[in-house]
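Reader: Before we discuss the side chains, could you put the sequence and the structure up, please?

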Amino acid sequence: MEESEKTVFCKHCGAKIPADAVICTACGRQVEELKREQAEQPQVVINNTNTNQNVNANAFVGGRMKNKWVSFFLCLFLGWLGAHKFYEGKIGMGILYLCTVGLFGIGIVVDLISILFKPNPYFV
């Protein structure tokens with residue numbers, strides 16, 4: 001270090017450091033605030049003309065409302081006849097359940113589980 005350079009003392013460890021040092025060369029701690037170039041901040045204008053309405057575009061437009069528990073107990077006791085399918089208005093599936101004894105029992109189990117997860121009332 002040349003003698004012509006100005007020096008100061010570190011406020012943390014007391015070591016002699018250059019006057020323009022930001023970090024102490026002895027202890028490694030920051031001795032002064034970092035100088036940031038003062039760039040002119042841009043003027044931000046917020047012009048929010050949002051007039052959107054939160055409307056559900058996927059609203060249900062038709063169908064018949066059915067009770068979950070009626071369908072569940074029809075499936076539980078008369079599922080092999082397809083009674084819950086007839087109740088929902090699915091005549092073709094009702095006839096298929098009637099002819100195959102509830103799709104060989106597998107369809108009844110699947111329908112019981114799926115009916116339990118439906119909301120009450122549900123739409124068909």
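Reader: Over the ring of which residue does the charged end of Lys66 sit?

Author: A charge counts as sitting over a ring if NZ of Lys or CZ of Arg is within 6 Å of the ring centre and within 35 degrees of the ring normal. The charged end of Lys66 lies 4.9 Å from the centre of such a ring, and that ring belongs to Tyr87. This is a predicted model, in which local features need pLDDT of at least 70 and side-chain atom pairs count only at pLDDT 80 or more, while totals for chains, interfaces and linings use all residues. Residues are numbered from 1 along each chain as its sequence is written, and side-chain values use heavy atoms, with hydrogens and water left out. The residue asked for is Tyr87.

Reader: How many aromatic pairs does the structure hold?

Author: Rings of Phe, Tyr and Trp (its six-membered ring) pair if their centres lie within 6.5 Å, and planes under 30 degrees apart count as stacked, over 60 as edge-to-face and the rest as tilted. Counted in this way, the aromatic pairs in the structure number three.

Reader: Why is the pair of Trp69 and Phe72 called edge-to-face?

Author: Trp69 and Phe72 are three residues apart in helix 1, about one helical turn, where a helix is a DSSP run of H or I with at least four residues, numbered from the N terminus. Their ring centres are 5.9 Å apart, and the pair is edge-to-face because the planes stand at 80°.

Reader: Is Phe72 buried or exposed?

Author: Buried means under 20% relative accessible area, exposed over 50%, and partly exposed in between, with a 1.4 Å probe and protein chains only. Trp69, at 39%, is partly exposed, whereas Phe72 has a relative accessibility of 13% and therefore counts as buried.

Reader: What kind of pair do the rings of Phe73 and Phe77 form?

Author: Being four residues apart in helix 1, Phe73 and Phe77 are separated by about one helical turn. Phe73 is partly exposed at 42%, and Phe77 is exposed at 57%. Their ring centres lie 6.3 Å apart with the planes at 15°, so the pair is stacked.

Reader: Which helix gives the most residues to the nonpolar patch?

Author: Nonpolar side chains (Val, Leu, Ile, Met, Phe, Trp, Tyr) are joined into a patch within 5 Å if their residues have over 30% relative accessible area and no salt bridge. The surface patch here includes Trp69, Phe73 and Phe77, and its residues together have about 1,100 Å² of accessible area. Two or more residues come from each of helix 1 (68–78) and helix 5 (106–116). The most, five residues, come from helix 1.

Conventions
Patches are made of residues with over 30% relative accessible area and no salt bridge: like charges are joined within 9 Å, nonpolar side chains (Val, Leu, Ile, Met, Phe, Trp, Tyr) within 5 Å. Accessible areas come from the Shrake-Rupley method with a 1.4 Å probe; for residues, only the protein chains shown count as cover. A salt bridge is a side-chain nitrogen of Lys or Arg within 4 Å of a carboxyl oxygen of Asp or Glu.
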